[in-house]
Every structure is written in structure tokens, then in C-alpha cells.
Amino acid sequence: MKRFLLSVGWLFAFGFAAETDGQDKVERLRGVCFSSVRDNESPARQIHPLPSAIEQDVETASKVARAIRTYTVQSSSYLIAEFCEENYVDCMVGAWIGPARWQNDAQIERLIHLANSGNDRIKAVIVGNEVLHRGDCEEAQLVDYVKTVKREVDQPVAVADTWKAWVEHPNLAAEVDIVGVQIYPFWEGLPIDGAAEYTLKRVRDVQEACPGKRVILTEFGWPTDGDALGQAEPSPENAARYFREVIPLLEEAAIEYFYFALWDEKWKVGAEGGVGAHWGVFESDGSVKPAFVDLLPASVRKGSQRPPRAVTFQLAADEARNAALKVVAMGAENVDAETLELSQRSAGLESSGKGSGSGSYSGPRPPRIESAAPDDTEEGNATQAAEDQDERGRAVRDEPTTTRNEGSARVQTPKLVVPPQIEEREADDDRWSGVCLSLFRDNESPHFGITPLISEVRDDVKYASSLAGSVRTYSAADSFAFVPEFAIVAGVDCYAGAALGEYPWLNELELEMLIHLGQTPNSRLKALIVGNEVMHRHDFSVEQYIDYIRRVKRQVKVRVAIAELLHSWLEHPELADEVDIIGVQIYPYWGGVPIEDAAQNTIDGVKQLQARFPKKKVVLTEFGWPTAGGKLGGAEASPENAARYVREVIPLLEENGIEYLYFAMADEKWKSQDEGGPGAHWGVLQSDGSVKESFQDLVPKKASQAMSRLPRKMDWKD
């Protein structure tokens with residue numbers, strides 16, 4: 001090939017870098033189409049690439065080409081541009097536009113946010129790929145999307161579609177800065193002879209149809225395998241020939257281009273027939289296809305390791321949870337003994353044989369708090385040892401042990417051990433210590449993959465900053481990954497969480513996204529929470545949990561926590577050795593505790609853990625009372641009881657120096673299917689953003705005004 005020093009566009013204003021290997025000299029391409037989807041992954045099934053895989057793939061792509069184009073900003077794909085910056089490769093970032101407007105809204109918002117992130121490697125943005133060709137939306141709607149993006153970003157705005165779509169839609173061409181044209185002689189059933197020249201001719205046709213517009217060839221290629229189409233034969237030889245013939249023509253004509261594609265993608269076989277999975281110069285496993293070895297820079301001819309993602313789909317019935325929901329729905333007095341016992345285990349109740357309704361309980365579905373009086377038990381010895389000093393020799397607050405009546409039982413409250421790293425707030429700060437963010441709005445649900453918009457996340461964090469000094473999240477993926485960033489702007493601290501469950505392949509994505517957040521400089525990031533009630537649900541073994549925790553701790557400097565029910569901490573004390581912060585969840589309601597005892601029971605639970613683990617900071621990562629949803633044992637859900645619980649428990653928490661995160665900021669209607677009647681009624685706010693009347697006098701003055709949390713506009717026909 002010749003070496004072209006061109007000045008016709010931002011992509012390669014400084015020409016091409018050359019690679020040498022003995023006598024061979026192969027230059028990097030102008031651009032390649034990029035997707036990091038590996039075997040067993042599929043965006044159609046919501047199985048997205050791991051950040052580590054994306055980072056590796058971008059590094060490989062940077063050795064093949066000077067620029068890449070992307071197709072979506074969903075989930076982990078949002079990080080592609082960041083890795084481009086690290087690898088000094090330019091990027092045209094794409095938003096996927098389809099028939100569902102609610103999905104398009106999410107893509108558009110993320111595209112705009114990414115374009116405004118200050119990443120100099122983002123040279124243009126692409127609003128949709130072959131939208132008109134597929135008929136996913138009308139021209140007028142696509143024009144509206146383009147205008148929306150153009151108002152908000154500084155980069156050139158493009159749309160990518162077939163050459164025929166551009167000829168037929170001049171109104172769209174008038175709105176964009178860049179006309180992205182896709183040309184595939186193969187899909188038109190043309191023979192390999194003349195395919196390169198045909199590609200160039202069609203580019204010229206679009207240039208003539210769109211005068212004054214910058215035209216970029218955003219896709220072109222030839223498959224190496226699959227079924228023939230007309231006179232077009234897929235084969236490694238034909239694909240290599242097309243590559244070898246078309247690139248010099250495009251270079252000589254100074255046409256900017258992105259070759260499709262780097263890797264084979266097996267998930268596409270259903271959408272595009274037999275040829276769909278065979279457009280790459282690399283196999284999906286990272287090895288270079290032999291026909292392309294001499295056509296690529298020497299630095300990538302050995303390929304790379306791209307192992308398939310280990311994905312499993314196990315189905316497990318949660319009998320304990322179903323039993324708990326049955327008790328909630330029917331009442332404890334109306335179910336059989338076996339169901340009640342199973343429900344209590346689901347509620348986190350310890351097997352004490354004393355039934356429900358008495359004692360102190362923790363966590364949604366919480367456990368019994370036993371007396372921690374000094375005796376010969378392990379807990380008693382731990383408490384007694386803490387009375388004088390902890391293991392590091394720090395003085396311990398010497399408060400007398402108190403007793404209180406609870407029915408016929410006398411519960412002895414352990415002495416309060418002052419945990420390390422208690423952080424003081426400003427004296428004039430009347431905000432609560434913290435609040436758990438319930439980001440899902442009406443019509444949104446994780447069960448359907450409908451997650452909040454970036455704008456909704458931003459608005460919720462902003463309001464939360466008027467209510468509390470810290471916010472907590474439960475997932476590090478999708479739109480939840482933006483909470484720590486918005487926390488900086490809102491001036492609120494953040495506990496960022498990862499949603500761990502029974503599927504290891506999902507856990508991998510959550511953990512890598514959490515680690516990425518922990519490695520991103522953010523003075524507001526207070527801690528990372530690795531999982532929520534994992535041991536209570538028995539999602540995986542304690543050994544696996546410890547492995548996950550250690551993995552995160554090895555890679556971040558920020559403090560690491562897990563959030564579990566009280567019984568889980570008592571049953572698995574080895575977990576406390578692994579974390580910097582013990583997060584405990586305490587819900588007297590789920591334990592059937594009467595409202596008059598609820599506040600003190602909450603404090604007792606925290607104190608017990610402080611006594612049990614005197615070297616660790618204990619944070620109350622969840623507690624609350626539902627405003628509706630029925631009666632459970634001696635506990636009744638009502639606005640009055642929820643307000644009473646808050647009125648009584650928060651002063652006690654503040655008085656005892658206990659950091660806390662109240663659950664929750666807002667109601668979430670989708671939770672009624674997971675937690676029965678009370679599930680949708682834990683918020684300080686109604687789901688629409690109005691402050692519940694019973695909480696008006698309990699929240700800080702700045703938080704007493706309603707915020708707007710409109711339902712997500714959904715068209716279920718889509």
C-alpha cells in the first residue's frame with residue numbers, strides 16, 4: 001500500500017502509523033467497526049461484555065486502526081470511549097435506535113452525557129444504525145433525535161444507514177453533520193469481481209445526493225462463511241480479496257471509512273442468517289483468520305485470547321420467600337406451622353423455638369437478637385473483653401448495661417462499643433445520615449430490563465442531597481453506575497453497591513463495574529458494598545463471597561463493605577474479617593415487632609454487632625417501616641407507624657453515633673411483586689416524588705418540597 005498523508009478529516013489528520021515486520025509493512029486502517037460481544041454473550045439477551053474484555057479488545061483494535069465506531073451506549077459498552085482515551089484511539093460513539101421509544105430515550109441521554117464527558121477521543125456521535133432501512137421509526141422521529149443531540153453536544157452528529165436510505169431521505173441528510181453510509185456488495189448479491197469498485201461508486205452516488213455533506217463509509221465488508229446470496233459467495237478467499245482491493249481504492253479517494261468487522265459474533269447468526277456470525281478478520285476466539293494474516297499489522301498477527309463467557313441459566317424455586325409472602329398476605333395466624341417456620345427463616349429469624357412477635361429482629365426478614373450478657377459464650381466473652389479496651393488498645397465508652405421489659409422477657413442491652421472511623425457531620429447539618437436510593441420510577445422494573453434514565457438518576461441524587469448526607473445504591477451496572485458521578489455535583493457522599501446473586505456470569509459484570517467505579521477518582525465515594533443480603537438468600541457459598549470481597553479489595557483503595565442481616569453476620573463471623581465496614585439491615589416490621597418496641601430493637605441489633613466486632617465500623621445499611629401493606633405479627637404497616645418509627649429511631653441512632661442509611665427515599669411499585677403488599681411502600685416520597693404527609697415534619701426543611709418523579713412513558717406495543 002501507499003502511505004497517504006491526508007488532511008481531509010479529524011480522523012487521521014497526521015497520516016497513518018506504519019508497522020514493520022521484516023520486509024513487510026502494513027499500515028493501520030483508518031477505522032474499524034467495534035463490538036466486544038464474545039461467545040455466549042448477546043445484547044439481545046441482555047448479556048453484556050465485561051469491562052476487562054472491552055479494555056483488552058480496544059487495545060487490540062488500536063493496533064489495527066486509528067479509530068473505531070460503536071453501536072450502543074448500553075451497559076458496559078458505555079466504557080468503550082474511556083478505553084479509547086487510554087489507548088490513544090479515536091472514537092465515533094453510536095446510540096442504538098430501535099422501535100421502542102423508551103429504550104431510545106435511554107440511549108440518547110447516555111450518548112449526550114458521554115459526548116459531554118470531556119473525552120477528547122470522541123470525535124463524533126452516531127444517532128442510530130440502519131434505522132430507516134429496518135423501518136424502526138419514521139424519518140421525522142429520527143430527525144427529532146438528531147436535533148435533540150445536536151442541541152446538546154459540540155461534536156459532529158451523524159446517522160448511519162444504507163446508501164439507498166440516504167438517496168431516499170434527503171431531509172435527514174440536511175439535518176446531520178456527517179452522512180454515514182453502509183455499502184455491502186454481498187447483501188446485494190453481487191459477485192466478488194468488481195465488488196471493490198462498486199463500493200466506491202456507491203459512495204460517490206451518496207456524495208452527489210448529499211452535496212456539501214461529509215460522507216463517511218461507516219460499514220463495508222465481506223463474510224468468510226455462510227450461505228451464498230445471488231452471485232455473492234462467502235469465503236475466506238473472497239473476504240480477503242475484497243479487503244485487499246477496496247482499501248487502496250478508498251485510501252486513494254481520501255474516503256474516511258470503518259471496516260466491518262474486527263471479530264466474528266456468533267450471536268448474530270439468528271438475526272442475519274448463516275453469514276451473520278462471519279464478518280470478522282479475527283475469529284470470535286481472537287485468532288486471526290489465515291486469509292487475513294498478511295493484511296494486518298504485524299503487532300496483531302498472533303491474535304489475542306478471547307475465551308467464551310461462562311454463562312449458565314439455572315432455575316431455582318425460592319420456597320422460603322414464597323412462604324414469607326404468604327404470611328404477609330394471609331397473616332401469621334392463618335397459615336400452617338410449616339409455612340410459618342419457613343417464613344421465619346426467610347425473614348432471617350433464628351431458630352429459637354420461641355415463635356414470632358417477640359424479641360428484636362434484623363433486616364427484611366430479620367433474626368432474633370439474643371441477650372449479650374457477659375457469660376461463657378463467645379458473644380459474652382467478646383462483649384466482656386470490649387468493656388475495657390478493644391484489641392488495638394483504644395479506650396471504649398463505659399456505659400452501664402441497661403435492661404428493659406419486652407413482654408415477659410427481660411432483654412439485656414450490651415454496652416455500646418464505639419467503633420473506629422465514626423465520622424462527624426457539621427453541627428448545622430440537619431440532614432439525615434443517609435438514605436437508600438430507590439431509583440426505579442413507575443413503569444420501570446429490573447425484571448423487564450427497564451432501568452432509570454440518566455436524567456432521572458441525576459434528579460433523584462440531587463433531591464437526596466437535601467434529605468441526607470449519604471446515598472446508597474444497589475447495582476454498579478447500567479444507569480446506576482452514574483450515581484457516584486452525580487453525587488459529586490450534588491455534594492453528597494455515596495455508598496456504591498454491586499448486585500450479586502446466584503448467577504456467576506452476572507456477578508462478574510457487577511463486580512467489574514464496581515471495581516471500575518472504585519478506581520475512578522471520586523472524593524465522594526465513601527465505600528463499595530459488595531452484595532446485599534447474599535448470605536440470607538443463600539445465593540452462593542461463603543467461600544465464594546470471601547473470594548469476591550478479596551477480589552474487590554485487591555483492586556481498589558476505597559473501603560469495602562457488605563450488607564447482610566444480623567443473623568448472617570452471627571452465622572458467618574469470618575466475613576467480618578474480610579471487610580472494612582459491616583453493613584447490617586434491620587427491619588422490625590418483617591419480624592412482626594410491635595411499633596412501640598421497634599426503635600429500641602433496631603438500636604439493640606446494631607449494638608450487638610458493635611460488641612461482637614469491636615474493631616469494625618458498623619453501618620446500618622437498611623432500616624425502615626412501610627406506610628401500607630398490611631399486618632405481620634405485631635407489626636402493622638401504616639403512615640402513622642412509619643412516621644413514629646422514624647421519629648423515635650433516628651434520634652437514638654444519632655445519639656449513639658451510628659451511621660445509617662434509611663430505606664427508602666421513594667416508593668417503588670415494581671417491588672410489590674417481590675415483597676408482597678408492603679414492597680411498594682417503604683419510601684419517604686410517593687413514587688411520583690411528593691413527600692408523604694406523615695413525613696412532612698420529619699424530613700429536613702430543604703427536603704420538604706416535592707420533587708417531580710413522573711412515570712416513565714412506555715408504549716407496551718413496542
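Predicted model: local features only at pLDDT ≥ 70, side-chain atom pairs only at ≥ 80, totals over all residues.

Tutor: Residues are numbered from 1 along each chain as its sequence is written, and side-chain values use heavy atoms, with hydrogens and water left out.

Student: How many helices and strands does the chain have?
Tutor: Helices (H or I, at least four residues) and strands (E, at least two) are DSSP runs, numbered from the N terminus. Here the chain has 22 helices and 21 strands.

Student: What share of the residues is buried?
Tutor: Buried means under 20% relative accessible area, exposed means over 50%, and partly exposed lies in between (1.4 Å probe, protein chains only). Of the 718 residues in this chain, 60% are buried.

Student: What do contacts tell us about the chain?
Tutor: A contact means heavy atoms within 4.5 Å. Take the contacts between residues at least 6 apart in sequence: 67% of them join residues at least 24 apart.

Student: At what angle do α14 and α15 pack?
Tutor: Axes are lines fitted to C-alpha atoms, for helices over the stretch in contact, and angles run from 0 to 180 degrees between N-to-C directions. Under 35 degrees is roughly parallel, over 145 roughly antiparallel, 65 to 115 roughly perpendicular, and the rest oblique. Helix α14 (residues 454-467) meets helix α15 (residues 483-490) at about 45 degrees, with the axes 9 Å apart. The pair is therefore oblique.

Student: Which residues make that contact?
Tutor: From α14 come Ile454, Val457, Arg458, Val461, Lys462 and Ser465. From α15 come Val483, Phe486, Ala487 and Ala490.

Student: Where is Thr218, and is it buried or exposed?
Tutor: Thr218 sits in strand β9 (residues 214-219). Its relative accessible area is 1%, so Thr218 is buried. Leaving out residues up to four places away in sequence, Thr218 touches Cys33, Arg69, Ala160, Gly180, Val181, Gln182 and Phe258.

Student: Where does Ser708 lie?
Tutor: Ser708 is in the segment after α22 (672-675). Its relative accessibility is 48%, so Ser708 counts as partly exposed. Setting aside neighbours within four places in sequence, Ser708 is in contact with Arg441 and Asp688.

Student: How far is Ser708 from Glu456?
Tutor: In sequence, Ser708 and Glu456 are 252 residues apart. In space they are 9.5 Å apart, C-alpha to C-alpha.
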